[in-house]
Amino acid sequence: MSYRDFSLADVEAKLGLVVSEAPLFGDVAVAAVRPEFQETLVEGKILAQGIDSEKARSEFLIAPVLLELRRTLRHRPAVFSGIEFNVDAANGLNGYCDFLVTRSPRQHILTAPVIAVAEGKNDKVTTGLGQCVAGMRAAWLFNAARGESVTQVYGVSTTGTQWKFLRLRDSDLTIDTGDYFIDDPGRILGILVHMIETA
């Protein structure tokens with residue numbers, strides 16, 4: 001078993017998490033959106049929808065948002081794409097993560113992951129939730145084993161056009177009741193900035 005094999009039901013049964021739903025980010029400030037970033041997303045959305053593949057959504061929508069997060073925070077967080085993240089193979093917390101974002105700027109060594117990003121399959125954001133939560137739990141265990149002072153780990157399940165956010169505190173997993181869309185990039189970017197600043 002690996003991250004991609006987890007369903008949302010699996011994370012409760014196999015990882016011992018308590019899952020709830022609540023509004024998490026309704027009061028988070030909207031981030032300013034640079035015109036160049038807005039143009040990139042408009043063009044990226046055209047390409048991603050025209051090609052209609054996970055790879056296209058990843059390259060033309062998800063990655064540009066994470067790069068903009070780095071720019072917004074003056075390159076403070078590091079972004080890792082498609083890296084092997086073997087934390088607890090006995091419990092299926094191994095394999096490749098779509099994206100991990102750390103609060104450390106060190107790009108060559110993974111330290112203190114605080115956001116796990118999983119791509120939804122078949123253009124459905126819900127299909128990425130299990131994989132995302134498994135990555136979040138692995139990040140929590142990774143941080144704890146290294147004495148990192150991370151009080152919560154966040155997650156994102158996204159199709160590129162639709163974004164769903166999650167929060168893990170020890171064994172308590174909360175899924176945000178809100179859904180966010182790429183046509184409102186300031187809202188998405190604001191939540192991601194909040195995640196880095198509060199983890």
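How many disulfides does the structure hold? The count is 0, where a disulfide is a pair of cysteine sulfur atoms within 2.5 Å. Cys 97 is in no disulfide, and its nearest cysteine sulfur, that of Cys 132, is 9.3 Å away. Cys 132 is likewise in no disulfide, with the sulfur of Cys 97 as the nearest one.

A word on the model before going on. This is a predicted model, in which local features need pLDDT of at least 70 and side-chain atom pairs count only at pLDDT 80 or more, while totals for chains, interfaces and linings use all residues. Residues are numbered from 1 along each chain as its sequence is written, and side-chain values use heavy atoms, with hydrogens and water left out.

Let us turn to accessibility. Buried means under 20% relative accessible area, exposed over 50%, and partly exposed in between (1.4 Å probe, protein chains only).

| Residue | Relative accessibility | Class |
|---|---|---|
| Cys 97 | 6% | buried |
| Cys 132 | 1% | buried |
| Asp 52 | 52% | exposed |
| Arg 74 | 74% | exposed |

Asp 52 and Arg 74 also deserve a look at their backbones. Phi of Asp 52 is near 55°, a positive value in a residue other than glycine, and Asp 52 is found in the loop between α2 and α3. Phi of Arg 74 is near 55° too, again positive in a residue other than glycine; Arg 74 sits in the loop between α3 and β2. Helices (H or I, at least four residues) and strands (E, at least two) are DSSP runs, numbered from the N terminus.

Next comes helix α2, residues 35–51. The buried residues of α2 are Phe 37, Leu 41, Gly 44 and Ala 48. Seen down the helix axis, they fall within an arc of 70°, so they line one face of α2; the arc is that of the directions from the axis to the C-beta atoms. These buried residues pack against α3 (54–72) and α5 (185–198), with contact meaning heavy atoms within 4.5 Å. The face turned away from the buried side carries the exposed residues Pro 35, Glu 39, Ile 46 and Gly 50.

What about the interior? The largest nonpolar core has 62 residues, and those with the most contacts inside it are Ile 115, Trp 163, Phe 165 and Leu 192. Such a core is a set of buried Ala, Val, Leu, Ile, Met, Phe, Trp, Tyr and Cys residues joined through side-chain atoms within 4.5 Å. Helix α4 (residues 129–145) gives the most to this core, with 9 residues. Leaving aside neighbours within four places in sequence, Ile 115 has contacts that include Phe 99, Tyr 154, Leu 192 and Met 195.

Finally, the rings. The structure holds 5 aromatic pairs; rings of Phe, Tyr and Trp (its six-membered ring) pair if their centres lie within 6.5 Å, and planes under 30 degrees apart count as stacked, over 60 as edge-to-face and the rest as tilted. Tyr 3 and Phe 85 have ring centres 6.4 Å apart and planes at 20°, so the pair is stacked. This pair links parts of the chain 82 residues apart. Phe 85 also forms a tilted pair with Phe 142, 5.3 Å centre to centre and 55° between the planes. Phe 142 lies in helix α4, and both Phe 85 and Phe 142 are buried.
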